[in-house]
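Visitor: I have a model open on my screen and I'd like to learn how to read it. Could you walk me through it?

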Amino acid sequence: MSPGRFKIVIVGGGSAGWMTAATLAKTCPNKDITLIESPNTPTVGVGESTIGQINNWLGLIGIEDEEFMRACDATYKLSIRFQDFYKKGGGHFHYPFGTAELRGTIADMNDWVLNRILEGNTEPTHTYAEWFYRNMLLVNNNRLTDNKDGKFVGFDFTRDVAYHFDATKFGLFLKSNYALNKGVKYIVGDVTDTFVDNNGIKEVMVNGHHPISADLFIDCTGFKSLLLGKALKEPFESYEDILPNNSAVATKIPYRNHKKEMVPYTNCVAYDNGWIWEIPLWSRIGAGYVYCDKYISDEQAIVDLKEYLKKGNHNIDDSEFKTIKMRVGIHQRPFVKNVCAIGLAAGFIEPLESNGLYTVHEFLLQLVRILQRDTVSRFDRDAFNYKCKELFRNFAEFVGLHYALTQRNDTQYWRDIQEREYCKNLYTGEPTIYNGFMSAVDKRFNKFFYGASEYGGLDCITHGMHWFPTDSMSLQSARCGEDLGLLHEGWKRAKEAIFSINKRQLKIVKKMPTYYDFLANKIYKGGNVGTIKFSRKKK
């Protein structure tokens, strides 16, 4: 790719396309940027759930929460809740955002496991997150604060929240406020043909008669991967061996009682042949069923989702249900010659753990670093591919752990999941740059002092799924057969210290506004639930 003001063409709109346009407009102001968007591409728009890393991207672009949330039907998110993933009827656990609070502990986050052992393994697994993560005090009491006075110790509002929002509206918000008004050129039309040469794609044809060339094409065409997959024929690596689902049915449902139903977390419920999500936006709830069509038909999936929603007393009389086919995996190289794929065009994990936009903003952060140089070399592309695939695979294996650690056996779907060969190198010893599964084994199985809160969500998932770092046998062995009862008083005092801190913090939480009232006052200025028109905040 030549130095200087080279031309970049983004093919595809949606959240991935407009996030790409906004990122390039901000970080590459000297580049000639054009986005081509088809008028015929349908959007689902049922609700997008994000994780905390999106705050880094928002900060890079310069977008404040109060600015975009009102435009996108958005709410704050503090955690992800998992129901029945360990066993059917086996309860729930949370993966809250933020950093663990370790004041009062003896052995950091080991204290919970040690106390559980010493008290006869009666401690419910959902309390693990409640011991250490201050977000859980907010979640369990349905409260929220920006904590400007700093009284709620261990909670950073700018870091420890993510968002639920309408992804379609988010794309439109970026289009109007951070792309078109920042110099991005816009073409509405369908790419009807592509012309390939030794350097990649020479040009694309729009509407059959308008040729467009570029130094760099960015493929944001979703699962069809029009440029990288179809034109350049880059091989696709399926992840179906570790991620069992390939389909979803999605819908929008109204609130019956928005103050009661609006919660600060994404709800994920393991079901007969997959799992069901519920994402609380401001004016409605996004819901869907992720499943494998080898075990259940699309028609039956819709029936099952309707049944679940009716049991939850949701009104679905006017709801439409859309089926989505998912391509789970990633292209062998997301960046080939002069084509870089972002979003679904590059790869997709599956919606569990709210990673839909994660790969978009993380891949973009890698791309714009490369584009700061005068030219993009083969080494740059190879480095981009290595780093992006490492991020992708590690997150995919993290998601895969939710299945690998299950003990559900109530349907053939779940019985087969237990017999999957999740990672061959666990027993072959073959080296790999990816270590999601091996991290769980190496850092969580029969280890005692494994070291504080370094691993974040992996802690919460493994403990919630009863995969503990130690047990009474290994602990007693490490103590040379010592009577564990002799240790009990020390760990009991540690537990009391943790509970005392939480009790003091709870008094502060009880004085906070409810989650709904906080949103109504901070973002929606009074709380009128319904369709909300956005007006740009003056600066």
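Guide: Let's go from the whole chain down to a couple of residues. Keep in mind that this is a predicted model.

Visitor: Fine. How many helices and strands does the chain have?

Guide: You'll find 19 helices and 22 strands.

Visitor: And what share of the residues counts as buried?

Guide: Of the 539 residues, 58% do. As for the surface, the chain exposes about 22,700 Å², with carbon and sulfur atoms supplying 48% of that.

Visitor: What about contacts along the sequence?

Guide: Take the contacts between residues at least 6 apart in sequence: 75% of them join residues at least 24 apart.

Visitor: Now a single residue. Where is aspartate 160, and is it buried or exposed?

Guide: Buried means under 20% relative accessible area. Aspartate 160 has 1% relative accessibility, so it counts as buried. Look for it in the loop between H6 and E7.

Visitor: Which residues does aspartate 160 touch?

Guide: Leaving out residues up to four places away in sequence, its contacts include Lys77, Phe97, Asn135 and Phe155.

Visitor: And lysine 151, where does that sit?

Guide: Lysine 151 is in the loop between helix H6 (135-141) and strand E7 (162-165).

Visitor: Why does lysine 151 count as exposed?

Guide: The cut-off for exposed is over 50%. Lysine 151 counts as exposed because its relative accessibility is 54%.

Note on methods. Residues are numbered from 1 along each chain as its sequence is written. This is a predicted model: local features need pLDDT of at least 70, side-chain atom pairs count only at pLDDT 80 or more; totals for chains, interfaces and linings use all residues. Side-chain values use heavy atoms; hydrogens and water are left out. Helices (H or I, at least four residues) and strands (E, at least two) are DSSP runs, numbered from the N terminus. Buried means under 20% relative accessible area, exposed over 50%, partly exposed in between (1.4 Å probe, protein chains only). Contact means heavy atoms within 4.5 Å. Accessible areas come from the Shrake-Rupley method with a 1.4 Å probe; for residues, only the protein chains shown count as cover.
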